[in-house]
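Morning, everyone. Please bring up the sequence and the model on your screens, and I'll walk you through them.

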Amino acid sequence: MKLIYIGTILLFVLQTSAHAEEQRARGMLVASSKATLSSELAAKVIAVPKKVGESFKKGDPLIRLDCRLFKAQRDKVQSEVLVAQLKLENAQQLSKLNSIGTLDVAIAQAETEKIEAERIMAQLNVERCDIKAPFQGVVEQVDVHTHEIVQQQQALMKIVSLNSLEAEIIVSAHWMSWLEVGKAIVLHVEESQQQLEAVISHIGPSVDPTSQTIQIRAEIKKVPAKVLPGMSVVAIFN
């Protein structure tokens, strides 16, 4: 009788261990916000205020281009806008005196609107001279130096946010019976030996037919120091 009881206990322990192992899966931390900044203009780089590893706030200038040409173009177009407006006012007055027809007024109006559109384009180019941070983060890679001439769409800098991390986890598709968005899990970071609280935020839309696995993402509630994108985690599903 005693042997049967001990055997029952051992079987229960083995089943519990097997169940616990089935509720663990490996994953990797990724940044929720990450970007490669490119130039929208062909211009000379006059300043790169941030170096690799330095942090910045949203809106901080990260790369500055020589803007003298674009500012001169904007000022020229602004003067043309003023002249076009004066011509339009003059045409409207002459029209009231029946000195010119309505067609001349319409042409003057269209010319004013055309130059105003050019002024807006020139202003946009001036604003593109300062490439600003779209979010708070850290410089991951710099691909340009001061005094270099960059071209349109040339990649200049990679940035990443460290305040918002997610875990990408591959789990068995058989877990779909109890997996759900919003479920709390624990992440064990292998490199730093830290425990993180997380919540399942997304469940993949399809199952890998070969491995019979599915990818899920978990949002980390609070990211402590020394926890970085690329670190490995073990997800524990309680």
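Start with the helix pair. Helix H2 covers residues 68-96, and helix H3 covers residues 102-127. In this predicted model, the two pack with their axes 8 Å apart. The angle between them is about 165°. How do H2 and H3 run relative to each other, roughly parallel or roughly antiparallel? The cut-off for roughly antiparallel is over 145 degrees, so H2 and H3 are roughly antiparallel. Their crossing is left-handed.

Is Gln 93 buried or exposed? Its relative accessibility is 52%. Exposed means over 50%, so Gln 93 counts as exposed. Now find Val 223. Gln 93 and Val 223 lie 130 residues apart in sequence. In space, C-alpha to C-alpha, they are 67 Å apart.

On to the sheets. Take the one with the order E6-E5-E3-E8. It is an open sheet of four strands, and the pairing is antiparallel. Which strands are at the edges? They are E6 and strand E8, residues 149-150. Each of those pairs on one side only.

Look inside that sheet. Strand E3, residues 43-47, pairs with strand E5, residues 61-65, over two bridges. That pairing is antiparallel. Ala 47 has Arg 64 in E5 as its bridge partner. Now stay on Arg 64. It also stands opposite Asp 130 in E6. Strand E6 is residues 130-132, and it pairs with E5 over three bridges, again in the antiparallel sense.

There is another open sheet with four strands, in the order E2-E9-E7-E4. Its pairing is antiparallel. Strand E2, residues 34-38, and strand E4, residues 55-56, stand at the edges. Each has a single partner strand, so one side of each is left without a neighbour in the sheet. The partner of E2 is strand E9, residues 155-160. E2 and E9 pair over five bridges. For a landmark, take Lys 34: its bridge partner in E9 is Val 160.

Now the cores. In soluble globular proteins, nonpolar side chains tend to be buried together. How many residues are in the largest nonpolar core here? It has 25. Those with the most contacts inside it are Leu 29, Ile 169, Val 171, Ile 185, Leu 187 and Phe 237. Several strands give two or more residues to this core, among them E1 (24-31), E10 (165-172), E11 (184-189) and E14 (232-236). A second, separate core has 22 residues. Phe 56, Leu 62, Val 150 and Ile 159 are included in that one.

Back to Leu 187 for a moment. Setting aside residues up to four places away in sequence, what does Leu 187 touch? Its partners include Leu 29, Ala 167, Ile 169, Leu 196, Ile 220 and Val 234.

That last name is worth a stop. Val 234 is in strand E14. Its relative accessibility is 14%. Buried means under 20%, so Val 234 counts as buried. Beyond its neighbours within four places in sequence, Val 234 is in contact with Arg 24, Ala 25, Arg 26, Val 186, Leu 187, His 188 and Glu 190. Finally, compare positions with Leu 156. Val 234 and Leu 156 are 78 residues apart in sequence. Their C-alpha atoms are 35 Å apart in space.

How values were computed:
Residues numbered from 1 in each chain as written. Predicted model: local features only at pLDDT ≥ 70, side-chain atom pairs only at ≥ 80, totals over all residues. Heavy atoms only, no water. Core = buried A, V, L, I, M, F, W, Y, C linked by side-chain atoms within 4.5 Å. Buried < 20%, exposed > 50% of the residue type's maximum accessible area, 1.4 Å probe, protein only. Contact = heavy atoms within 4.5 Å. Pairing = 2+ DSSP bridges. Axes fitted to C-alpha atoms, helices over the stretch in contact; angles between N-to-C directions. Parallel < 35°, antiparallel > 145°, perpendicular 65-115°, else oblique. Left-handed = near helix turned anticlockwise from the far one by under 90°.
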